[in-house]
Amino acid sequence: MLNTLILVKKKLENEIMFLKSDIMEKQEILHKINGVIDKNCQHNWVTDYIDTDVERTERITYCDICEKTKDS
């Protein structure tokens, strides 16, 4: 029983390490893609309002082509 738990623990630890590495790699790719999109998109900025809760609305500005948000 204990040996089985130890094996499962090692397997889970290895899977977690692999998944973390995979996520980091995908984040890097996404970062590069976002950079290319940002440099090449001819942004069409749109101002809109979103409800953040029942009593509050927030103004946002975003590109309706690539969906990048613009700081207000």
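Helices here are DSSP runs of H or I with at least four residues, strands are runs of E with at least two, and both are numbered from the N terminus. By that rule, helix α1 covers residues 2-40, and L5 sits in it. What you're looking at is a predicted model, where local features need pLDDT of at least 70, side-chain atom pairs count only at pLDDT 80 or more, and totals for chains, interfaces and linings use all residues. Residues are numbered from 1 along each chain as its sequence is written, and side-chain values use heavy atoms, with hydrogens and water left out.

**Confidence**

- The mean pLDDT (the predictor's confidence in each residue, from 0 to 100) is 95 for the protein, and 99% of its residues reach 70 or more.
- Of the protein's elements, α1 has the highest mean pLDDT, at 97, while strand β3 (residues 69-70) has the lowest, at 91.

- Six salt bridges turn up in a search of the whole structure; the term means a side-chain nitrogen of Lys or Arg within 4 Å of a carboxyl oxygen of Asp or Glu.
- E13 pairs with K9 in one of these salt bridges, with the closest N and O atoms 2.9 Å apart. Both residues lie in helix α1, four residues apart, or about one turn of the helix.
- E13 counts as partly exposed because its relative accessibility is 39%, and K9 gets that label at 48%. For these labels, buried is under 20% relative accessible area, exposed is over 50%, and partly exposed is in between (1.4 Å probe, protein chains only).
- D22 and K26 form another salt bridge, at 3.4 Å between the closest N and O atoms. They are separated by about one helical turn because they are four residues apart in helix α1. D22 is partly exposed, at 24% relative accessibility.
- K32 and E28 meet through their side chains at 4.0 Å, N to O, and are also four residues apart in α1, about one turn of the helix. K32 has 53% relative accessibility and so counts as exposed, whereas E28, at 43%, is partly exposed.

**The sheet**

- Three strands make an open sheet in the order β1-β2-β3, with antiparallel pairing. The edge strands are β1 and β3, each pairing on one side only.
- Strand β1 (residues 45-53) and strand β2 (residues 56-63) pair over eight bridges; two strands count as paired if DSSP finds at least two bridges between them.
- Two residues lie between β1 and β2 in their hairpin, and I50 has E58 in β2 as its bridge partner.
- β2 and β3 pair antiparallel over two bridges, and Y62 has T69 in β3 as its bridge partner.

**T52 in β1**

- T52 belongs to strand β1 and is partly exposed because its relative accessibility is 37%.
- Leaving aside residues up to four places away in sequence, T52 touches T57 and E58 (contact means heavy atoms within 4.5 Å).

**A nonpolar surface patch**

- M1, L2, L5 and I6 form a nonpolar patch on the surface, together giving about 460 Å² of accessible area.
- Patch residues have over 30% relative accessible area and no salt bridge; like charges are joined within 9 Å, and nonpolar side chains (Val, Leu, Ile, Met, Phe, Trp, Tyr) within 5 Å.
- Areas come from the Shrake-Rupley method with a 1.4 Å probe, and for residues only the protein chains shown count as cover.
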